[in-house]
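Subject: Structure handover and notes

Dear colleague,

I am passing on the structure we talked about, together with some notes on what I found in it. Please look through the sequence and the coordinates first, and then read on.

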Amino acid sequence: MNNIEFIKDFCERYNITNYTINDDLSIDVYDDVDLDFDIFRDFDKLNYIPIKFNKVSGYFSCSDNNLKSLKNSPIYVGRSFYCDNNMLTSLEYSPDYVGGDFICNYNRFTSLEYLSKHIGNEIQCYYNPLESLEGITTSYNKLFCDDNKDKLIRKHKLKQSINL
């Protein structure tokens, strides 16, 4: 199976229908992308994102898998980006632009380094062992990071959500 056939097969399997394959074999999707294991329980959990996404006009969800990296996630997401309930230790390869929420709860990263440059609404990073707010800029609306095993809360003497 060649690369284009693999991309088409993957898209069909995950009900991605409105897309274009670019010259670099990345894809632009003109709708939502849902790779969430809770939706596709007939498939194995993803250990990585097997095709390269470029732009997604709707939301992008890769939640509830076994991802250790966001490599191949889109550069641009028009609505919200969901990568919660994985095994991520870094936000490297997260989108540059997210028009809505950025939801990354229940992972394993200790800082917000590599967090998307533009997030239109709120950031949720509950239940991560955050030790640093590195990566946060003042251009974000709201950041929620409660219950991060008290490491960030203790280090910064915070008892509730951080609102920027």
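Which residue in E2 is the bridge partner of Thr20? The partner is Asp28, and this pair belongs to the antiparallel pairing of E1 with strand E2 (residues 27–29), which is made through three bridges. Helix H1 (residues 3–13) packs on the sheet there, where it touches E1, E2 and strand E4 (53–56), and its direction makes about 165 degrees with that of E1. Please keep in mind throughout that this is a predicted model.

Overall layout

The protein chain contains two helices and twelve strands, and when it is read along the sequence these follow the pattern α-β-β-β-β-β-β-β-β-β-β-β-β-α. Of its 164 residues, 45% count as buried, and its accessible surface comes to about 8,800 Å², with 44% of that belonging to carbon and sulfur atoms. Among the contacts in the chain with a separation of 6 or more, 21% are accounted for by residues 24 or more positions apart.

Six strands in the order E1-E2-E4-E6-E8-E10 make up an open sheet with mixed pairing. Strand E1 (19–21) and strand E10 (118–119) are at its edges and have a single partner strand each, so that one side of each is left without a neighbour in the sheet. Further in, E2 and E4 run parallel and are joined by three bridges, with Ile27 standing opposite Phe53 in E4. E4 in turn pairs with E6 in the parallel sense over two bridges, and here Val56 stands opposite Val77 in E6.

Another open sheet is formed by six strands in the order E3-E5-E7-E9-E11-E12, and its pairing is parallel. Its edge strands are strand E3 (33–34) and strand E12 (142–144), each of which pairs on one side only. Within this sheet, strand E7 (residues 81–82) and strand E9 (residues 102–103) run parallel and are joined by two bridges, and the bridge partner of Phe81 in E9 is Phe102.

Salt bridges

The structure holds two salt bridges. In one of these, the side chains of Asp24 and Lys52 meet at 3.8 Å, N to O; the pair links distant parts of the chain, since Asp24 is in the loop between E1 and E2 and Lys52 is in the loop between E3 and E4, 28 residues apart. Asp24 is partly exposed, with a relative accessible area of 47%, and Lys52 also counts as partly exposed, at 38% relative accessibility.

Asp32 forms a salt bridge with Arg79, and the closest N and O atoms are 3.0 Å apart. Because Asp32 lies in the loop between E2 and E3 while Arg79 lies in the loop between E6 and E7, this pair ties together parts that are 47 residues apart in sequence. Asp32 is partly exposed, with a relative accessible area of 24%, and Arg79 counts as partly exposed at 45% relative accessibility.

A nonpolar patch around Ile75

Ile75, Tyr76 and Tyr97 make a nonpolar surface patch of about 250 Å². Ile75 is found in the loop between strand E5 (60–61) and E6, and it is partly exposed, with a relative accessible area of 42%, whereas Tyr76 has its place in strand E6 (residues 76–77) and counts as partly exposed at 33% relative accessibility. What is Ile75 in contact with, leaving aside its neighbours within four places in sequence? The residues are Phe53, Asn54, Pro95, Asp96 and Tyr97. As for Pro95, it is 20 residues from Ile75 in sequence, yet the two are 4.3 Å apart in space, C-alpha to C-alpha.

Two backbone points to check

Most residues other than glycine have a negative phi. Leu25, which is not a glycine, has a positive phi near 70 degrees; it is found in the loop between E1 and E2 and counts as partly exposed at 28% relative accessibility. Tyr106 likewise has a positive phi, of about 55 degrees, although it is not a glycine, and this residue lies in the loop between E9 and E10, where it counts as partly exposed at 43% relative accessibility.

Definitions and conventions. Residues numbered from 1 in each chain as written. Predicted model: local features only at pLDDT ≥ 70, side-chain atom pairs only at ≥ 80, totals over all residues. Heavy atoms only, no water. Pairing = 2+ DSSP bridges. Helix = DSSP H or I, 4+ residues; strand = E, 2+ residues; numbered from the N terminus. Contact = heavy atoms within 4.5 Å. Axes fitted to C-alpha atoms, helices over the stretch in contact; angles between N-to-C directions. Patch = residues over 30% accessible without salt bridge, like charges linked within 9 Å, V, L, I, M, F, W, Y side chains within 5 Å. Areas by Shrake-Rupley, 256 points an atom, 1.4 Å probe, with all protein chains shown as cover. Salt bridge = Lys/Arg side-chain N within 4 Å of Asp/Glu carboxyl O. Buried < 20%, exposed > 50% of the residue type's maximum accessible area, 1.4 Å probe, protein only.
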